[in-house]
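Student: Could you take one part of this structure and walk me through it closely? I'd like the local picture and then how it sits in the whole chain.

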Amino acid sequence: MINGCQKKNDPTPTPTKSSKDSVPVAKAPKDTTITLPLNSVTLTGSGTDATGHIIGYLWSQVSGPSEASIHNESAATATLSGFVAGTYTFQFEVIDNNGLTGLANFTVIVKPSQTLTLTLQPANNPGEFCLGIWNGADWSNGTSIEEPLSAWTKNSDPTVLRDLLKFDLSTIPANATIVKADLQLYSNTIPLNGDLVHANSGTDNSILIQQVATSWDPATLNWFNQPTGLTANQVIVPSTTQPFLNVDVDVKALIASMVSSGANYGFKLQLKNEVEYTSRIFCSSYYSDATRHPKLVVQYIKN
């Protein structure tokens with residue numbers, strides 16, 4: 001039976017929200033600035049509702065130089081990451097129990113990394129020391145014009161020579177990010193050790209470069225009280241058959257350890273295998289040609 005004008009198939013009227021319901025208010029995080037290489041930030045938003053309560057959240061990107069990643073996008077706290085340099089705009093949305101939403105935008109400004117370069121090539125470096133032993137007696141020299149890494153003989157008696165090399169890293173902050181670090185050594189073309197003709201000799205003249213483990217004083221240093229080297233992050237420079245060869249060694253991990261720990265005691269250099277008639281001989285900071293002094297180039301970012 002049909003009552004009045006209502007038809008049997010009329011759809012049921014959709015209920016409407018009360019006019020008393022108010023739109024929730026979203027409170028986005030404050031605008032944020034970060035500097036690369038830091039490329040993520042964790043932020044928290046909130047919301048209020050005069051006639052209900054907040055039941056949901058949603059984070060989304062509005063604009064930016066690239067698409068950032070949003071982790072926990074449906075939570076009050078989210079992590080934004082994967083940035084490149086530029087300005088990003090994000091939207092923070094809150095949803096109340098009545099299905100109403102509130103929106104607020106905020107920005108994340110990502111500054112490019114500020115890479116600084118420190119180049120060290122000192123003359124007469126007091127942090128350079130040649131350690132030597134000859135026929136069981138100390139044969140060290142704190143001001144040698146070359147850095148000899150060798151196992152040889154003198155007057156038919158065995159000799160072994162190693163080197164310590166320390167640079168002043170005090171201008172690099174302890175929390176800096178080390179981007180790159182290269183140690184450059186130059187062959188001595190007029191060697192005073194080895195066969196006195198070639199800087200490089202021997203079947204396997206590969207070099208071991210380690211971080212020095214403890215402090216040392218050139219005034220009291222000798223072969224018998226020399227500091228040990230750390231095996232962690234050690235670098236091996238390959239053997240060569242060339243009579244002279246300058247080397248450029250990646251020492252990033254060693255420098256990063258020295259800087260972060262505040263324990264800069266320098267490098268320890270020696271032949272990997274100290275077998276007689278083996279040598280790699282480089283110029284020291286006391287060498288007459290300043291362009292051939294040992295050089296350290298460090299690129300880093302202040303955090």
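Tutor: Leaving aside residues up to four places away in sequence, isoleucine 301 touches Leu36, Pro37, Ser113, Gln114, Thr115, Ala176, Thr177 and Val179. Keep in mind that this is a predicted model. The residue belongs to strand β22, which runs over residues 295-301. Is isoleucine 301 buried or exposed? Its relative accessible area is 6%, and buried means under 20%, so isoleucine 301 counts as buried.

Taking contacts between residues at least 6 apart in sequence, 74% join residues at least 24 apart.

Zooming out, the protein chain has one helix and 22 strands. Its radius of gyration is 34 Å, well over the 19 Å that the globule rule gives for 303 residues, so the chain is more spread out than a compact globule. Along the principal axes, the C-alpha atoms fill a box of roughly 130 × 35 × 30 Å. As for burial, 41% of the 303 residues count as buried. The accessible surface comes to about 15700 Å², with 52% of that belonging to carbon and sulfur atoms. On the charge side, there are 18 positive and 24 negative side chains, and the centres of the two sets lie 11 Å apart.

Now for the rings. The structure holds nine aromatic pairs. One of them joins phenylalanine 83 and phenylalanine 90, an edge-to-face pair at 6.3 Å centre to centre with 80° between the planes. Both partners are buried: phenylalanine 83 has 4% relative accessibility, and phenylalanine 90 has 1%. Another pair, tryptophan 134 with tryptophan 139, is tilted, with 5.4 Å centre to centre and 50° between the planes.

Key. Residues are numbered from 1 along each chain as its sequence is written. This is a predicted model: local features need pLDDT of at least 70, side-chain atom pairs count only at pLDDT 80 or more; totals for chains, interfaces and linings use all residues. Side-chain values use heavy atoms; hydrogens and water are left out. Helices (H or I, at least four residues) and strands (E, at least two) are DSSP runs, numbered from the N terminus. The radius of gyration is taken over C-alpha atoms; the globule rule is 2.2 Å times the number of residues to the power 0.38. Buried means under 20% relative accessible area, exposed over 50%, partly exposed in between (1.4 Å probe, protein chains only). Contact means heavy atoms within 4.5 Å. Accessible areas come from the Shrake-Rupley method with a 1.4 Å probe; for residues, only the protein chains shown count as cover. Lys and Arg count as positive and Asp and Glu as negative; His and the chain ends are not counted. The place of a charge is taken as NZ of Lys, CZ of Arg, CG of Asp or CD of Glu. Rings of Phe, Tyr and Trp (its six-membered ring) pair if their centres lie within 6.5 Å; planes under 30 degrees apart count as stacked, over 60 as edge-to-face and the rest as tilted.
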